Amino acid sequence: MQIKSGDTVKVIRGKDRGKSGKVVQAFPRQGLLSIEGVNLSVKHLRARKAGERGQKVQFPAPMPACKVLVVCPQCGKPTRIGVVRAESGVRERKCKHCQATFR
Ligand SMILES: [Zn+2]
């Protein structure tokens, strides 16, 4: 998967199409991402003690990574990502628009 946590991404499919946010957590094995403010779900928590109220907690549910594009840190556009080797052999990602490379 070419997206990791900390990346800014833009959603291109589904109910949150057009939204963008930062990746909170990535699940490379499942190809899923949790993104800040995107695909929000509500978790209902029961009261644990007597007299305590149950709570609704809102959290970004994981969604398929194929439905987002990485926003290039260089040119600011949502873009497809290529993978290239730097001279030192380090794996770097490349913006298909402006050809800028980043980790
Ligand atoms: Zn770019």
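The centres of domain 1 and domain 2, taken over C-alpha atoms, are 25 Å apart. This is a predicted model, where local features need pLDDT of at least 70, side-chain atom pairs count only at pLDDT 80 or more, and totals for chains, interfaces and linings use all residues. Residues are numbered from 1 along each chain as its sequence is written, and side-chain values use heavy atoms, with hydrogens and water left out.

**Exercise 1.** Find the bounds of the two domains.

*Solution.* Domain 1 covers 1–71 and domain 2 covers 75–103. These bounds come from an automatic or database domain assignment.

**Exercise 2.** Describe the area buried between the domains.

*Solution.* Start with the contacts (heavy atoms within 4.5 Å): 9 residues of domain 1 touch 10 residues of domain 2. Next, take the buried area, the accessible area (1.4 Å probe) that two parts lose on being put together, summed over both. Here that comes to about 750 Å², with carbon and sulfur atoms giving 59%. On the domain 1 side, Q2, V70 and V71 lose the most area to domain 2, together 61% of what that side buries.

**Exercise 3.** Which side chains meet in a salt bridge?

*Solution.* Recall the rule: a side-chain nitrogen of Lys or Arg lies within 4 Å of a carboxyl oxygen of Asp or Glu. The count between the domains is 1 salt bridge. The side chains of R93 and D7 form a salt bridge at 2.9 Å, N to O.
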